[in-house]
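The sequence and structure follow.

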Amino acid sequence: MLSNSLRDRDIASQLHPQTNLSLHEKTGPVVMASGQGVEITDTNGKTYIEGMSGLWCTALGLSESRLAEAATRQMGVLPYYQNFAHRATEPGIQLAETLLEIAPVPMSKVLFQSSGSEANDTAIKLVWYHFAAQGRPEKRKIIGRNRGYHGTSIASASITGLPHLHRDFHLPLPNFLHVTCPHFYREGKPDETEEQFSTRLANELDALIIAEGPDTVAAFFAEPAMGTGGAVMPPKGYFEKIQKVLKKHEVLLIADEVITGFGRTGNWWGCQTFGVEPDMITCAKALTAAYMPLSALLISEPVYQSMKAQSEKIGVFGHGYTYGAHPVACAVANEALRIYEEDGIIAGVAAKGAQLGGLLTPLADHPLVGEVRGTGLMWGIEIVADKVTRAPFDPARAIPAKVQEAAFAQGLVCRALGSAIAIAPPLVIRPDQIDAVHKRFSTALDQIADELG
Ligand code: PLP
């Protein structure tokens, strides 16, 4: 029998990423119909606080008319032009200038793509180009971290350190290596301080680079704070120690600011919050507050000089996307960056983060919670089966997913990521809505604790 319901049409027609496809045939989708501020409403009329900013991206909520107007204006003037072969548009130039102005460390040039995955893919290519220009083409191995997330394209998924992004996709590609996740709660030893843990991880990185041969290792990718890995904050001293090792072996550091860029951790950049001094930066998501797809790759002057040398040698910088520097996306990004500044959005994250953190932190005493961690508006709640041993629940029981579903029923979108739950609301969330996030989440936790007995 044919059905016209959105549910049935979706099941019959659409593939959903990061979804159990077999289960989806039974459950169907929750179809979202409209958004207002930090709230999202489904086609049944139920409203939720979007406590994950979509995929960590709708920093300005879902009804910022200035962004819609910026897009409409640019559509009316010039809806598309490309930037291959000496062409440019004003919104792209403006955005590149602003990004260089606000960059956390001096950067030389900006290259635009449409997604975070593409930005990281491009970063890998430029790392390879850079060392090729230096006459060291064999320096090309890339190091990521277990639980790190850098995207889903073949190369960016290879840097990613999550097994389900690799399995049966023949990934990671050769020459992509991974080191221990800087997750003190999960990876730290009982007798170790955070600082000692950081030292151990820096030593591990040093040993790996030496074992592989420093002349073969090109770059290290890191999210300043890990998102998809479970909202994992770097342990004390981590980046300082890691950066010493990278400098010693002339390994480039690429900061993946796709989540942490534009205020998420309380500063413009996660690099500022956590003392990261990268050679390249990738960013996306809140760059346009997610109203248009756009990502940017910022590169340092030495990397730019290498690229220039390569294009002189080869005749052209042989890379680019049809929608790179899309003028409508750039116009929206320019407006988003103005709003962040003019409305004091990023300056406001500290107080909102303190409120949210102040409410969530005491949940560490809850029987299901091992740790609450976070900064700014990026928080992780570690769900444990045993608070003393820190043992997580058997993944087959999907307890964090059950908490997520219970919260959803309460009207809160949060996200189960491995053994943790992430909460990362839009930066424009109001204090009363932060209270509601906490209330709904605690109720969900209590419900699941009761069910477990
Ligand atoms: N890097 C990080 C840190 C991310 O969180 C993501 C997406 O969640 C990406 C890269 C990939 O971005 P996209 O999904 O736009 O390709």
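**An antiparallel strand pair**

In this predicted model, strands β9 (residues 280-283) and β10 (residues 295-299) run antiparallel to each other and are joined over four bridges. Within this pairing, methionine 280 has isoleucine 299 of β10 as its bridge partner. Strands of a sheet pair through backbone hydrogen bonds, in either a parallel or an antiparallel sense.

**The sheet as a whole**

Strands β9 and β10 belong to an open sheet of seven strands, arranged in the order β4-β10-β9-β8-β7-β5-β6. The pairing in this sheet is mixed. Its edges are formed by β4 (109-113) and β6 (176-179), each of which pairs on one side only. From one strand to the next, the twist averages 20 degrees.

**Helices on the sheet**

Helix α6 lies across β4, β5 (141-145), β7 (217-222), β8 (252-256), β9 and β10. The angle between α6 and β10 is about 25 degrees.

Helix α9 (residues 194-212) also packs on the sheet, where it touches β5, β6 and β7. The direction of α9 makes about 155 degrees with that of β6.

**The ligand shell**

Which residues are closest to the ligand? Of the 15 residues that surround the ligand, the closest are Ser115, Gly116, Ser117, Gly151 and Val258. Helix α6 (residues 116-133) supplies the largest share of this shell, with three residues.

By class, the shell comprises eight polar, five nonpolar and two charged residues.

Methods
Residues numbered from 1 in each chain as written. Predicted model: local features only at pLDDT ≥ 70, side-chain atom pairs only at ≥ 80, totals over all residues. Near = placed C-beta within 6 Å. Helix = DSSP H or I, 4+ residues; strand = E, 2+ residues; numbered from the N terminus. Nonpolar A, V, L, I, M, F, W, Y, C, P; charged D, E, K, R; others polar. Pairing = 2+ DSSP bridges. Axes fitted to C-alpha atoms, helices over the stretch in contact; angles between N-to-C directions. Contact = placed C-beta atoms within 7 Å.
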